[in-house]
Every structure is written in C-alpha cells, then in structure tokens.
Amino acid sequence: MDQIAFGTDGWRATLDTFTDDRLRIVGQAVADHLDAAEHDGPVAVGYDARETSEGFAESLAEVLAGNGFDVILPERDAPTPVIAHAIVARGLAGACMVTASHNPPEYNGVKFIPHDGAPALPEVTGDIVERLAEPDLLPEAERGEISRIDLVRDHAAAAREVVGTALGADGGIDLSGLTVAYDAMHGSGRGVTDALLESAGADVVRLRCERDVTFGGDSPEPSAEHLEALAERVTDPGSDVDLGIANDGDADRIALVTPERGVLDANLLYAACYDRLLETDSGPAVRTVSTTFLVDRIAEAHGESVYETPVGFKWVAEAMGERDALFGGEESGGFTVRGHVREKDGVLMALLAAATHADEPFDPRVDRLLDEHGRIAAGKVSLDCPDDRKAGVLDELEDHIPESVDGHAVSKVVTLDGFKLLLENGSWLLVRPSGTEPKLRVYAESDSEGAVDDLLGAGRNLVEPLI
C-alpha cells in the first residue's frame, strides 16, 4: 500500500508498480469512501486506450459491484470528460477513470471523480488513501450489476448545446465549409472528437485515429514536438485544411494548430476563446497562477474579473463553481465553459475552438488581441529535484527572493503556488513544484521570447544552487 500515492490528478505509476492487486485495493477504498459519504447510486468506471486499461477497469468494476454498487462501463475506451459528464447527467455517485493521460505507454493510472463531475479535491483523495484496504466483497447474491452503456452520444449532445448557447448560436453550431485536421494521437478521442466536429458540419481529415496501445511508441502528449505531422498538414502553403486540433491520450486536453503560427501557445488559445465567449456572454475567468496575464487584460477591457488559482484543474473547477465563471483553464491546455461539467474537456473545446475559428480565424484574432492588449511571450523549464527536496528548496527560496530579476524590480511576490515574482515592467517569473514528477517548474512571461529566455535563465540561476 505504501506504493499507492495520489498526486495532483490521481495515482499514476509504471506497470511494475501499478498492478491489478493494488488497483483492487484502491477500488475497495473508493467503495468505502462512497459508503461513508452516503453516496449509494451507480458508479461509472471508464478507461483509456492503453493495452491494460480495460482489464484494470473490469477489476475495479468487480470490486465496486462486490460492495453493492451497480457499475456502468462504457462500450469502449472513452475520454475522461465523457465519464465526468455521465456522472452528472445520470446522477451517479461518482466514477473511477483508468488512465495515465499523456504519460508513455508503460504507465497507467486511476483517478476518482466525485458526484459533481469535478476533479476530486485533496480532502476526498486523502480520505480514499486513508481507507486503502484489501477487497472485502459481499456474497454473490448481494452484489451490484455491471452493465455496458454508450456514454458518448449524451456527451456529444451536451457539448453541442453548451457551445451553441455560449456562442449565441440559436440554430446550433454550423461548421459547414470548415476543414479540420484532427489528430487523436491514437488515444480515446478517436471516433469521438472527430465525430462531434463532423456532426456540426465540418470536413475532418483524420491523423492517428486508429487505436495503438503503444501510441506509436511515443507519449500521447499534444506538445509541438509530438504534433509535427499535424503542423505540417495545416501550415503547408498548399493545404486545404483551415485548422488543426489534437487531444491528449484521454482527450481532456486540447492543442490547436493554425496556418500561420503552427502549434498555438495554449495561453493564446485561452485568450482567443475567452474573447470570443465575451462577444455573446459575460462573466469572469478563472486561470492558474502559471497562465497568461493577457486573459486579465481582455477581462478588464470588458469590465470582468479574473480569479487566479494554484496549478491543477481541481482548483480551477472549485473557483468556477464559487464564482460562476464563464471560462476556466490552464496553460497546459485544459479548459471548460460555464454550463458544462466542471472538468477539463478537450472534446467540447474542439467544438468551441472550431466554431471560434469559423467566426474569425485564430491567427487574425490573436493578432488583434496582441495589438489591443500588448504582446506576450511565455515559456517554462523543468529542473530535476527529488520529491523529498521540493519543500526544502522552496523554504530556502523564501530567504533568497531577489529585489530584482534581469534588471527589473520585483514589485510583488505571490505565494499561491510556489513563488511568483511580479516585476515592475509587467513581466513575471514563477517557481513551483511539479505535482506529478520529481521536478521544479520555472515559468516566465514577458513581451518577447528573448526576454522570456532571460527570465528563465535568471530563474534557473536562482533555483539550481538550492537543489
């Protein structure tokens, strides 16, 4: 049990550690947590496209059913947001999702999603960890039923309704005339995101939309280095593709490729989509401490507020509920919209992004926003740091906060998540611990890539001697 540890978003480990026996222990803990919370409705168990995921999901279903819960399994591997939506739409007690998201194929993982469909907060995952125990199953006659159900159709209908309402499209979203290249990265978005786009009228060119349990021998992470084929397909001067869209392995995150910019910085994707939503609706935005201040400038121009949270979508989801926010997201490509389940949803965002592009293409929209609100550039680096050193390094860093960085005075220090140094020229530098890897992250934002590189270098020089 010592090797079962819930991090930022559930428990992930390589398959030598992530075993069926340990997963069954987690399943028993989830059942006991639900019993203690008096949630006695059905429970869903979803799974991604990895080779071991369906078998793991069936084991979880057996344990939950063995504790008296009726269990719903999807008909095939499914995106995490489809499972989260099913919780709310069907009034479920909660769900387990077997996925390692964007990690390489030698990993797997599990997360618990509570009855509200939002990511589990630490008090929930902490309670589950405290209840880890060997399975204790009821007699056969008292066990719940396990059934397979199509969960994709209801999610697609909800996505069309939410996006249509948010964009003021009374007749529904119409993507006729738009050609989208969609890269599923061999993950669970295949046959889901592309089908949703086609249902709205888009012509879809499919890349890596076949299941491959090895993800082509790579990580299903929609970063620039993993999206070269999609970028080439969109940016080729003779291409007939208007926009490129990719999801990560469990399709809760999104990446965009535009004809002029290639893989679009997720900070700019956030800003452009929030700008489009504000054309037909109103409301504050929620962003993480590592996400661009361009969102704040757009909000201010519309008389709206922005609420900053620690990194991790669970904090974004919590703030969205508290603030009735119009849009929430993070620089890693996870977003959701008011009126939808408070979980990041790369499938819904694909429809919103395509509809935004159909209204005004991303390249000129981003150009306009940067002209109106100021240029921004952002970057980050990761520094190796053992997990047992992270807290000590941050404690020491508190005593080494400089008065200036790269020649600019530090005007304020934000300690919401690590240390964020706000500089007098509007730039910022952030140092925080990774919640998923033995690393410290250093982020920076300024008005040019050169300035960002200088800030990241200064951050590295500040932190490395303390590790």
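Student: How many strands form the open sheet, and in what order?

Tutor: Strands of a sheet pair through backbone hydrogen bonds, either parallel or antiparallel. In this predicted model, six strands form an open sheet, ordered β16-β21-β20-β19-β18-β17, with antiparallel pairing.

Student: Which are the edge strands?

Tutor: β16 (377-384) and β17 (404-405) are the edges, since each pairs on one side only.

Student: How many bridges join β18 to β19?

Tutor: Four bridges link β18 (residues 408-414) with β19 (residues 419-423), and the two strands run antiparallel.

Student: Which strands does helix α13 lie across?

Tutor: Helix α13 (residues 387-398) lies across β19, β20 (428-433) and β21 (439-446). Its direction is at about 145° to β20.

Student: At what angle do helices α9 and α12 pack?

Tutor: Two packed helices are described by the angle between their axes and the distance between the axes. For α9 (residues 294-301) and α12 (residues 362-373), the angle is about 75° and the axes are 10 Å apart. The pair therefore counts as roughly perpendicular, because angles of 65 to 115 degrees fall in that class.

Student: Which residues make the contact?

Tutor: α9 contributes Leu294, Arg297, Ile298 and Ala301, while α12 contributes Leu369, Leu370 and His373. By class, the contact has five nonpolar residues, one polar and one charged.

Student: How many disulfides does the structure hold?

Tutor: A disulfide is a covalent bond between the sulfur atoms of two cysteines. This structure holds zero.

Student: Is Cys209 buried or exposed?

Tutor: Buried means under 20% relative accessible area, so Cys209 counts as buried at 17%. Cys385 is also buried, at 1%.

How values were computed
Residues numbered from 1 in each chain as written. Predicted model: local features only at pLDDT ≥ 70, side-chain atom pairs only at ≥ 80, totals over all residues. Heavy atoms only, no water. Axes fitted to C-alpha atoms, helices over the stretch in contact; angles between N-to-C directions. Parallel < 35°, antiparallel > 145°, perpendicular 65-115°, else oblique. Contact = heavy atoms within 4.5 Å. Nonpolar A, V, L, I, M, F, W, Y, C, P; charged D, E, K, R; others polar. Pairing = 2+ DSSP bridges. Disulfide = S-S within 2.5 Å. Buried < 20%, exposed > 50% of the residue type's maximum accessible area, 1.4 Å probe, protein only.
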